[in-house]
Amino acid sequence: MRKDENIGMENINYSSYDVTDLTSLEKLEPVRIRPGMYIGSTGSKGLHHCIWEILDNAIDEITNGFGDRASVILNKDKSVTIIDNGRGVPTGIHPVKKKSGVEMVYTELHTGGKFDNKNYKTSGGLHGVGAAVVNALSKWMEVEVHQNGKIYRQRFEYAYDKQLKKVMPGTPVTKLEQVGETNETGTRVTFMPDNDVFTTTEFKYEIIDERLQELAFQNKGITLIFIDRRKDEPITKEYYSQRGLLDFIDYLNESKTVLHPEPILFDGQKEINGLSMYGEVCIQFTDSTTEYIASYVNNIPTTEAGTHEAGFKTGMTRAFKEWARKLNVIKEKDKEFEGDDLREGMTAIVRIKISNPMFEGQTKTKLGNNEAYTMMNELCYIKFSQWIEDNKDTAVNIMNNAVDAAARREKIKKISDAEKKKIGKGTAPLAGKIAVCTIKNPEIDEFIIVEGDSAGGSAKQARDRRFQTIMPSKGKIMNTEKQKLENVLASEELKIFNTAVGTGVLDNYSEKDLKYHKIIIMSDADVDGYHIRTLWMTYIYRYMRSIISNGHLFIALPPLYKVYKETKKELIEKYAYSDDDLESVKKEVGKGALIQRYKGLGEMNPEQLWETTLNPSTRTLQQVTIEDAAKAEKMISLLMGDVVEPRKNYMYRYAEF
């Protein structure tokens, strides 16, 4: 062991290790100790995941035929209420546990009615831990059940457990009590996220709005309601879809030019190895150069795809390849197009309902059932074959586009190989184009894109040369949303970025080759700065999406104001990062404070730039996340695409942004 490897290990006693060293966590303690194992993170994504866990239970009731309405309410005190009109969580006393069903569901892991398929044919809340997990990560939770003409209520808190003689998460502080009578059925859950667990407890309207819209599209005929009561004037929005996935694909393609007005829509069901499955697919081709697939299992977005999506791709490709030969689009000796070529410009929604889904991890982002692959492969092969036979003209156009895409792919491969040879020969050096850091450790190294040569020059002087690499961005890069792939790969500035970052793009992306685990976009806090930021995010989202999904992309937030005052003893300088901050910073500095409004990063000297925007201990970074892939896809197309009207409408709606 090297000397520096011994850091933090001085107090370990290697001579003694027996049964007294073992620790057993009780009840909901494991969730509190390792929340990331259950909800993915303790940031914004994990916070919103708590809503999804409770909402999934409500949607499971509805999709299994019990109820038709669910509501999400953001309360003024920062708590959240989720209501459904299902059957209500069981309130009876369990014969063995001697506890009510409510107490079991909300205080015990792996308790629920979804394990034997008697009560739920399909469910999004698979593991029976979601409700208890949310309780464990809350300061308090209150559950109200309307059932059998009565209203029952029970409260849980992060409080002292008399039996265990210590403070425990999700402790029942009341028994399940009857508090009234009713003619309705259903469950009402209110919880207060614990700010000792989460790095933020601020729920974002847009994230919940998009998720409810998505759920309404997937479950036609049900009503979802969103009420935001945090401001003086409550906001209420209702979601309902009559056409289901057809409405969804119209929504996703609103900012794109479609190549055929009627989307391809089909469904089917099958039972394999005792698993009952229902699959539904809706696709439409556009003039975009990239594909987008939104896939779901039992209403849960599977952002890491899985076997259902793989089966869809295989079945679709097989059908189109066979018919391309039959229709003489591809001659006998011609090279076939690949699945990637076929799907260029495609928007697809792939969803499956399955009686016993096997997810990878509690956050349910990837499906593992092999049966789902078999079912979707067969379904898509048969249905696409039938559609091609009935729609030969449109199908031939799609096939011809795939042939063209295959030819472009070969051309791009030659360009890419030529670039690799140049780099190998040293004819494409980064020297003079970026200021490279000296330490070669991806886990601590930062790659910072800085708007403009002036700010880039200051940033090179201000940076910590050990771990911060600076790339000055010369104005605005191309809008990659509107460009063909070969043009994007030919861009000089993007070549520099690609070479420096090291991962490759699209299917050639390799996470292990990423040279910087923090990629930071640093632009002015004005309209041009926002545009530059959006152009870079568009490129990274389209061509290196894993950089975002793996948490490597950040926005540097420079200050808008310097507030300063010189006294006989000292010069006081403080910075305000928003108009809202300005008044409080002025009070800190005191009477006689002077204000300087920064027009751009170039106005700061290296010392100021380091202190406000580059120094890890004092700067403010905003992590770019893909909270919802469908939302991100739509927003990129809307802001950067060719269709003007939806963009205008968005700009009018969010003029302040």
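Here is a walk through the structure above, from the whole chain down to a few single residues.

Keep in mind that this is a predicted model: local features need a pLDDT of at least 70, side-chain atom pairs count only at pLDDT 80 or more, and totals for chains, interfaces and linings use all residues. Residues are numbered from 1 along each chain as its sequence is written, and side-chain values use heavy atoms, with hydrogens and water left out.

Let's start with confidence. The predictor gives each residue a pLDDT, its confidence from 0 to 100. The protein chain averages 84, and 86% of the residues score at least 70. Over residues 1-24, though, the pLDDT is below 50, and this stretch has five contacts in the model beyond near neighbours in sequence; a contact means heavy atoms within 4.5 Å. Residues 124-128 also stay under 50, and there the model has 24 contacts beyond four places in sequence.

Now for the big picture. The protein chain comes to 20 helices and 22 strands. Both are DSSP runs numbered from the N terminus: helices are H or I with at least four residues, strands are E with at least two. Of the 657 residues in the protein chain, 51% are buried. Buried means under 20% relative accessible area, exposed means over 50%, and partly exposed is in between, using a 1.4 Å probe on protein chains only. Among contacts with a separation of 6 or more, 68% come from residues 24 or more positions apart.

Next, find the open sheet of five strands, with the order β16-β15-β17-β18-β22 and mixed pairing. Two strands pair if DSSP finds at least two bridges between them. At the edges stand β16 (468-473) and β22 (621-623), each with a single partner strand, so one side of each has no neighbour in the sheet. On average, neighbouring strands here are turned by 25 degrees against each other, direction ignored. Axes are lines fitted to C-alpha atoms, for helices over the stretch in contact, and angles run from 0 to 180 degrees between N-to-C directions.

Inside this sheet, β17 (residues 518-522) and β18 run parallel, joined by three bridges. I519 has L553 in β18 as its bridge partner. Two helices to look for pack on the sheet. Helix α12 (residues 453-462) touches β15 (446-451), β16 and β17, and its direction makes about 165 degrees with that of β16. Helix α15 (residues 527-543) touches β15, β16, β17 and β18, making about 175 degrees with the direction of β18.

Now zoom in on H552, in the loop between α16 (545-549) and β18 (553-556). Is H552 buried or exposed? H552 is buried, because its relative accessible area is 7%. Leaving aside neighbours within four places in sequence, H552 is in contact with residues including E511, L514 and I519. The side chains of H552 and E511 are also joined by a polar contact of 2.7 Å. A polar contact is a pair of N or O atoms within 3.5 Å; within protein, one must be able to donate a hydrogen and the other to accept it, and residues adjacent in sequence count only if both atoms are side-chain atoms.

Elsewhere in the chain, β8 (residues 223-228) and β9 (residues 235-239) pair in the antiparallel sense over five bridges. They form a hairpin with six residues between them. Helix α7 (residues 245-252) is mostly covered, with six of its eight residues buried.
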